[in-house]
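Q: Please take a close look at one part of this predicted model: the packing of its helices. A connected account of the contacts, the geometry and the surroundings would be welcome.

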Amino acid sequence: MNSEKSTRLLSPTDHFSVLLSPTPRGARLARLLATDWMRDRDLPHRVSEAAEHLVAELAANAATHGRLSGRDFRLALLDRDGILRIEVTDTRGDDLPRLKQPAPEDESGRGLLLVEALADRWGVELGPAPRKTVWAELDLPPS
């Protein structure tokens with residue numbers, strides 16, 4: 001008789017993490033993977049929609065400003081204690097994001113304004129060298 005034990009997940013995990021190439025394609029894949037993970041979690045539409053925009057912006061920033069040849073960026077999503085936390089880690093700890101007010105004619109520079117508007121909280125954590133993690137949090141409604 002076979003006495004192997006079977007482990008079955010009864011619900012999706014409360015975290016997701018993946019390494020992606022620091023390219024526009026990697027940033028797009030980050031958004032698509034995050035969207036699928038949130039769909040499996042059955043998060044409220046308002047939260048998942050805001051989170052998709054946050055992932056897209058943070059991943060695009062990692063692919064644009066955090067890019068070092070041969071070094072990937074990491075996307076992590078965590079659902080715990082009523083908070084959805086989005087983390088994007090790259091290897092450019094020397095280049096910290098700065099919130100600035102772009103001129104009306106500027107074609108870029110509004111990404112962190114979007115993060116500021118959509119996230120309940122956001123920030124940057126350094127380390128271990130040479131990494132930095134830009135994170136954003138969304139409060140989840142009580143279930």
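A: Ala 50, His 53, Leu 54, Glu 57, Leu 58 and Asn 61 of helix 2 meet Gly 111, Leu 112, Val 115 and Leu 118 of helix 3. Two packed helices are described by the angle between their axes and the distance between the axes. Here the axes of helix 2 and helix 3 come within 10 Å and cross at roughly 150°. Angles over 145 degrees count as roughly antiparallel, and helix 2 and helix 3 are therefore roughly antiparallel to each other. Their crossing is left-handed.

On the side of helix 3, which comprises residues 111-118, the buried residues are Gly 111, Leu 112 and Val 115. These three cover an arc of only 95° around the axis, so they lie on the same side of helix 3. An α-helix has 3.6 residues a turn, so residues three or four places apart point the same way. Gly 111, Leu 112 and Val 115 also belong to the set that meets helix 2.

Helix 2 itself has 20 residues, and the distance from its first C-alpha to its last is 28 Å, close to the 28 Å expected at 1.5 Å a residue. Its buried residues are Val 47, Ser 48, Ala 50, Ala 51, Leu 54, Val 55, Glu 57, Leu 58, Ala 59, Ala 62 and Ala 63. Among them, Ala 50, Leu 54, Glu 57 and Leu 58 are also listed in the contact with helix 3. The buried residues of helix 2 are covered by elements that include helix 1, strand 2, strand 3, helix 3 and strand 5.

Helix 1 is the other helical partner to consider. Helix 1 and helix 2 pack at an angle of about 155°, and their axes are 8 Å apart. This angle makes helix 1 roughly antiparallel to helix 2. Helix 1 passes helix 2 in a right-handed crossing. From helix 1, the contact is made by Pro 24, Ala 27, Ala 30, Arg 31, Ala 34, Thr 35 and Met 38. From helix 2, it is made by Ser 48, Ala 51, Glu 52, Val 55, Ala 56, Ala 59, Ala 60 and Ala 63.

Ser 48 is in helix 2 and counts as buried, at 11% relative accessibility. Leaving aside neighbours within four places in sequence, Ser 48 is in contact with Met 38 and Leu 43. Met 38 is in turn one of the buried residues of helix 1, together with Gly 26, Ala 27, Ala 30, Ala 34, Thr 35 and Trp 37. The buried residues of helix 1 pack against strand 1 (15-20), helix 2, strand 2 and strand 3. The 18 residues of helix 1 should span 26 Å at 1.5 Å a residue, and its end C-alpha atoms are 26 Å apart, which agrees.

Helix 1 is followed by Asp 42, whose phi is positive, near 60°. Asp 42 is not a glycine, and its place is in the loop between helix 1 (24-41) and helix 2. With a relative accessible area of 68%, Asp 42 is exposed, whereas Ser 48 counts as buried. A further positive phi, near 50°, occurs at Asp 81, again a residue other than glycine. Asp 81 is found in the loop between strand 2 (73-80) and strand 3 (83-90), and both of these strands are among the elements covering the buried residues of helix 2. Asp 81 is exposed, with a relative accessible area of 75%.

Arg 121 is found in strand 4 and, at 30% relative accessibility, counts as partly exposed. Not counting residues up to four places away in sequence, Arg 121 touches Ile 83, Trp 135, Ala 136, Glu 137 and Asp 139. Arg 121 and Arg 85 are 36 residues apart in sequence, with their C-alpha atoms 9.4 Å apart in space.

The loop between strand 4 and strand 5 (132-139) holds Pro 128, and a cis peptide bond with omega about -15° joins Gly 127 and Pro 128. Pro 130 lies in the loop between strand 4 and strand 5 as well, and the bond joining Ala 129 and Pro 130 is a cis peptide bond with omega about 5°. Strand 5, in turn, is included in the cover of the buried residues of helix 2.

Notes
Residues numbered from 1 in each chain as written. Predicted model: local features only at pLDDT ≥ 70, side-chain atom pairs only at ≥ 80, totals over all residues. Heavy atoms only, no water. Buried < 20%, exposed > 50% of the residue type's maximum accessible area, 1.4 Å probe, protein only. Helix = DSSP H or I, 4+ residues; strand = E, 2+ residues; numbered from the N terminus. Arc of directions from axis to C-beta. Expected span 1.5 Å × (residues − 1). Contact = heavy atoms within 4.5 Å. Axes fitted to C-alpha atoms, helices over the stretch in contact; angles between N-to-C directions. Parallel < 35°, antiparallel > 145°, perpendicular 65-115°, else oblique. Left-handed = near helix turned anticlockwise from the far one by under 90°.
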